[in-house]
Structures are given as structure tokens and as C-alpha cells.
Amino acid sequence: MSGYYYSGCLDNYEAHYLDSCSVCGKSLRNSDIFMYRGNTPFCSKECRQEQMELDEAREKKLKSGRSIRKSDSKSSTPNKTVRTGIVTVS
């Protein structure tokens with residue numbers, strides 16, 4: 001059985017991911033549901049758009065962080081001095 005089971009009695013009701021909007025928390029019962037990325041529900045196109053913009057900004061931030069780290073490591077690698085040799089400890 002699924003983890004989301006409604007037995008018909010409100011006392012035994014477990015919350016379902018389609019019960020409320022993922023952005024504002026508004027109830028989705030008896031209303032249209034706008035979906036995004038497969039299983040994320042929203043009460044309106046506006047709430048869905050807000051989440052899409054947040055995700056886009058987060059992805060841009062992650063990409064810019066990666067490119068800065070890559071350019072730092074590329075520019076610093078040629079300037080490093082590597083010494084090799086044998087050290088003997090008595």
C-alpha cells in the first residue's frame with residue numbers, strides 16, 4: 001500500500017503532497033493544480049512561475065560558483081612548484 005492512504009476518517013488522514021501549494025501553502029482541494037518538474041504542485045501559474053524563477057536563480061548561482069573555482073584552480077596550477085626528493089630520517 002502507498003504511504004498516502006485515506007481511510008475515509010479525518011482522524012486517520014495522512015497529508016498528501018497534492019493537498020497544498022508548494023509556494024504559498026494554499027489548499028488545492030477542489031481546484032486546478034499546476035505542476036512543475038513532475039511532482040511539485042501549485043495553486044496558480046503565478047506560484048509555479050515564482051518557483052521556476054527561484055530554481056533558475058539557484059542554478060545560475062551554482063554554475064557561477066563552479067566556473068570561479070575552475071578558473072581559480074586553472075590559473076593557480078601552473079604557478080605551483082613541486083619538489084621531489086628523498087628524505088631520510090634516522
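Is Arg37 buried or exposed, and what is its relative accessible area? Select Arg37: this residue is exposed, at 53% relative accessible area. Keep in mind that the model is predicted.

Color by pLDDT before going on. The chain averages 78, and 59% of its residues reach 70 or more. Residues 1-7 fall below 50; beyond near neighbours in sequence, that stretch has 8 contacts in the model.

Next, select Asp55. Find it in helix H1, residues 45-76. Its relative accessible area is 7%, so Asp55 counts as buried. Leave aside neighbours within four places in sequence, and its contacts are Tyr36 and Arg37. With Tyr36 there is a side-chain polar contact of 3.1 Å.

Now show Arg37 and Asp55 together. They form a salt bridge, with the closest N and O atoms 3.9 Å apart. Arg37 sits in the loop between strand S1 (34-36) and S2, and Asp55 in helix H1, so this pair ties together parts 18 residues apart in sequence.

A salt bridge joins Glu59 to Arg37, the closest N and O atoms being 2.7 Å apart. Glu59 is in helix H1 and Arg37 in the S1-S2 loop, so this pair ties together parts 22 residues apart in sequence. Glu59 is partly exposed, at 36%.

Last stop: Lys60 and Glu56. Their salt bridge has its closest N and O atoms 3.6 Å apart. The two lie 4 residues apart in helix H1, about one helical turn. Lys60 is exposed at 54%; Glu56 is partly exposed at 46%.

Notes: Residues are numbered from 1 along each chain as its sequence is written. This is a predicted model: local features need pLDDT of at least 70, side-chain atom pairs count only at pLDDT 80 or more; totals for chains, interfaces and linings use all residues. Side-chain values use heavy atoms; hydrogens and water are left out. A polar contact is a pair of N or O atoms within 3.5 Å; within protein, one must be able to donate a hydrogen and the other to accept it, and residues adjacent in sequence count only if both atoms are side-chain atoms. Contact means heavy atoms within 4.5 Å. pLDDT is the predictor's confidence in each residue, from 0 to 100. A salt bridge is a side-chain nitrogen of Lys or Arg within 4 Å of a carboxyl oxygen of Asp or Glu. Buried means under 20% relative accessible area, exposed over 50%, partly exposed in between (1.4 Å probe, protein chains only).
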